[in-house]
Amino acid sequence: MEYKTLNNGVEMPMLGIGVYNITRRDTQRVVEQAIEVGYTSIDTAAMYYNEREVGDAVRATGVPRDHLFVTTKICDPCYTRDETLRSVEQSMKQLRLDYVDLMLLHWPVGKPAVMWQALEELYSQGLFRAIGVSNFYPNTFPAIVNGGKVMPVVNQCETHVLYQQCKMIDYLQPYNVALEAWSPLAEGGHGIFNENTLTSIGAQYGKTAAQVALKFLVQRGIIAIPKTTHVERMRENIDLFDFILSDNDMAAIACLDTGHNVTGWPLDALCYTPNQN
Ligand SMILES: NC(=O)c1ccc[n+]([C@@H]2O[C@H](COP(=O)([O-])OP(=O)(O)OC[C@H]3O[C@@H](n4cnc5c(N)ncnc54)[C@H](OP(=O)(O)O)[C@@H]3O)[C@@H](O)[C@H]2O)c1
């Protein structure tokens with residue numbers, strides 16, 4: 001496993017498992033299997049309704065808590081400090097963990113600056129090892145930077161070979177905020193697993209299109225959290241750290257970028273003004 005040193009010094013695994021759309025019934029099994037396979041980072045959220053099962057899996061595994069990295073996100077639109085604290089309390093009650101490694105604002109709703117200040121308060125008390133945001137684009141990110149004292153460690157956004165987020169990477173770079181890729185396999189759609197460039201590059205290294213697609217992100221310094229409920233795919237998706245894509249490979253994959261989101265979550269719509277293009 002490779003790690004990213006976040007801007008507060010915390011080390012975050014470059015690859016984790018996402019548990020969006022995994023039923024409560026399956027989540028504990030999936031997370032326990034992922035941990036057995038070697039994953040140490042798990043990405044959940046209040047709106048996935050499976051924080052409880054993530055917490056159960058973390059406690060059930062024999063792996064020490066400080067070897068694991070748990071991310072969750074609050075999604076309620078909060079307008080006050082107290083509303084935000086209540087939202088966090090709900091997540092902590094579900095997880096039943098002493099602390100969360102990374103707490104994110106799931107998207108820019110409510111009063112993001114007020115919500116951020118509440119997260120800062122809990123971060124300073126040690127409830128979270130790091131705090132960050134998700135789906136904040138240049139129309140909403142400045143509210144966090146201007147309204148707070150602590151810089152987010154990550155911005156988690158839709159990112160994959162079909163939407164490579166080149167503008168976002170440039171945008172975040174001066175803030176030293178890491179980009180974390182959600183739907184790093186484009187939700188498993190859009191023909192990504194049969195895409196010619198990915199499969200032919202993979203053939204050179206004995207790797208699948210999924211492994212090449214994920215490696216492309218990790219090699220650009222982007223943290224990725226692919227979701228799968230299948231243990232063989234968990235093994236496949238994490239088996240990325242024994243090969244390096246050449247400059248030519250990286251350039252060929254860069255050509256797959258469509259420059260726009262493909263998952264139907266238009267969170268980036270109209271966020272870049274023309275002079276930022
Ligand atoms: N912050 C946000 O707003 C936000 C939004 C969306 C997602 N996320 C996070 O990002 C995580 C990942 O995103 P995602 O779940 O939307 O999509 P994804 O990871 O891009 O793709 C998951 C899909 O690909 C399939 N798959 C995974 N590995 C595969 C492989 N090696 N070969 C073939 N198929 C494979 C999975 O099927 P099986 O499960 O059947 O194997 C599933 O259908 C989520 O779980 C969540 O934690 C965050």
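At what angle do helix 7 and helix 8 pack, and how far apart are their axes? In this predicted model, local features require pLDDT of at least 70 and side-chain atom pairs count only at pLDDT 80 or more, while totals for chains, interfaces and linings use all residues. Residues are numbered from 1 along each chain as its sequence is written.

Helix 7 (residues 196-205) and helix 8 (residues 209-219) pack at about 95°, with axes 8 Å apart. Helices are DSSP runs of H or I of at least four residues, numbered from the N terminus; axes are lines fitted to C-alpha atoms over the stretch in contact, with angles from 0 to 180 degrees between N-to-C directions. Helix 7 is therefore roughly perpendicular to helix 8 (under 35 degrees is roughly parallel, over 145 roughly antiparallel, 65 to 115 roughly perpendicular, the rest oblique). Leu198, Thr199, Ile201 and Gly202 of helix 7 meet Ala209, Gln211, Val212 and Ala213 of helix 8, contact meaning C-beta atoms, placed from the backbone, within 7 Å. This contact has five nonpolar, three polar and no charged residues (Ala, Val, Leu, Ile, Met, Phe, Trp, Tyr, Cys and Pro are nonpolar; Asp, Glu, Lys and Arg charged; the others, Gly among them, polar).

Helix 1 (residues 24-37) packs against helix 9 (residues 231-238) at about 45°, with axes 10 Å apart, which means that helix 1 is oblique to helix 9. Gln33, Ala34 and Val37 of helix 1 and Val231, Met234, Arg235 and Ile238 of helix 9 make the contact; by class, five are nonpolar, one polar and one charged.

Helix 9 also contributes three residues, the largest share, to the shell around the ligand. That shell comprises ten nonpolar, twelve polar and five charged residues.

Methods
Helix = DSSP H or I, 4+ residues; strand = E, 2+ residues; numbered from the N terminus. Contact = placed C-beta atoms within 7 Å.
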